[in-house]
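Welcome, and please open the viewer. We will take this tour one selection at a time.

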Number of protein chains: 2
Amino acid sequence: MSLSARSTSEQLPSAHDRVYRTLRTRIMHGEIAPGEALTLRGIGREFDVSMTPAREAVRRLVAEGALFLSSSGRVSTPELSNERIEELAALRALLEVELSSRALPRAHMALIDRLQTINATVAEMVSKRDAVGYIRTNLEFHRTLYLRAQAPAMLAMAETVWLQLGPTMRALYGRLRRTEPPHNHKLIIAALKAGDEPGLRLAVRSDVTQGLKLLVA
Amino acid sequence: MSLSARSTSEQLPSAHDRVYRTLRTRIMHGEIAPGEALTLRGIGREFDVSMTPAREAVRRLVAEGALFLSSSGRVSTPELSNERIEELAALRALLEVELSSRALPRAHMALIDRLQTINATVAEMVSKRDAVGYIRTNLEFHRTLYLRAQAPAMLAMAETVWLQLGPTMRALYGRLRRTEPPHNHKLIIAALKAGDEPGLRLAVRSDVTQGLKLLVA
DNA sequence: GAGCGCCTTTTGTGATCACAAGAGGGCATG
DNA sequence: CATGCCCTCTTGTGATCACAAAAGGCGCTC
């Protein structure tokens, strides 16, 4: 509680960064419901820091669209309108189709193997009805593929979209009761194996837009 | 200097927001050179606020990629690598082609007139060799068109890319010595008039990528 | 004359405080 | 019993302070 109570002499990653990263992960993985309120003092209490780092972390998340700031300054996770959800889905399609396209020529067998492993975990999460686990491993599947695109700015932008959709995705996957493993992921892997770019683009676009179309309907 | 020295009883837009908006505009319009350093106390002094709002504004701009944060916490405008510039140009192409495409069916004569007026100002800035004025009016041209797309999230993302390219654009347009008015803008207007979507997409893509290709070369 | 180390100053980080505004509940009144 | 008002407590904002680290300059030494 004192000023320099930090005993870990390791690479202290600056308090606000720790708070930021933890909250960001929580939001992206859908661990917070849409419209849920957060308070600076509450965050400070949870992470054992003062309001200052909590404020910086919240500001940053607001800037990324992960949190909503009311006119009176209260912060909460956003409740997205259908228009906004459709737009974010279109952005996912735009960005992720391009990323997958760029990753294709660099996708070797080791990557495809890793994707298949991750995909097995995705299927497991689906069968367990673990919404957060599903979202987390699903995003890991996509990120693993897109990392091969060697396009960090584009990947960062895609992750920002994921972040904005986080709470909504949780609401979506909690609502729709699927137990079948993701079909589009298999199409993506097959297209990667075949070096089939049009097929890959189509599969990614379908995978990215399918779930959100259901939510809007 | 005192606590509540705010005499303007208007809609006080919260100090950090005023600082944020001013700095953001400056950066986007290329008024700050790449690599230029900023200090929290310096910002506070300029805007007559304490470090707290200055910090929040800077944090927000860092989150948007408009400012670079060194490992020791010093902030400066980013000096972009060629790879990053190419990536951001690709993002501009991706997002703005889509935005223009969505704006096309809603583009009526009043909009085209406005674009032509703005374009005349762009040409004037070019002939005056006013780099900042050129960047500002050029972005106004694009924003005016994209506003018609009714896609706020997508437009916000495009503006984030502009923001990241701000200081670099200034360096670019200061370096290349053109005096001819923008040809691609005329192609964009012509395609809008003709309702020619493929032509519009091509013209926007060319306009967005041409300048940055020169910088990289 | 050149290189190196120490010291001062600048700067970012985080904590704490004073203040204003808004929200929510409890109590009194009709 | 319902409704409205007031009070209190919570919450965000901005200022200020203490501290640590990094940077830059200056002088000393070889």
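The stops below go from the DNA to the contact between the protein chains.

This is a predicted model, where local features need pLDDT of at least 70, side-chain atom pairs count only at pLDDT 80 or more, and totals for chains, interfaces and linings use all residues. Residues are numbered from 1 along each chain as its sequence is written, chains are lettered from A and ligands numbered from 1 in the order in which they are written, and side-chain values use heavy atoms, leaving out hydrogens and water.

**Stop 1: DNA strand D.** Select DNA strand D and the 20 residues that surround it, each with a heavy atom within 4 Å of the strand. Among the closest are A:Arg41 and B:Thr52. Helix 3 (51-63) of chain A is one of the helices here that supply at least two residues, and its three residues are the largest share; helices are DSSP runs of H or I, at least four residues long.

Stop 2: Show A:Arg55, with a side-chain N or O atom 3.0 Å from a base nitrogen of DNA strand D. Next, find A:Arg59, where a polar side-chain atom is 3.1 Å from a phosphate oxygen of DNA strand D.

**Stop 3: chain B against chain A.** Now select the contact (heavy atoms within 4.5 Å): 24 residues come from chain B and 24 residues from chain A. How many salt bridges are there between chain B and chain A? The count is four, with a side-chain nitrogen of Lys or Arg within 4 Å of a carboxyl oxygen of Asp or Glu in each. Zoom in on A:Glu56 and B:Arg55, whose side chains form a salt bridge at 2.7 Å, N to O.

Note on methods
Polar contact = N/O pair within 3.5 Å; in protein donor to acceptor, adjacent residues only side chain to side chain.
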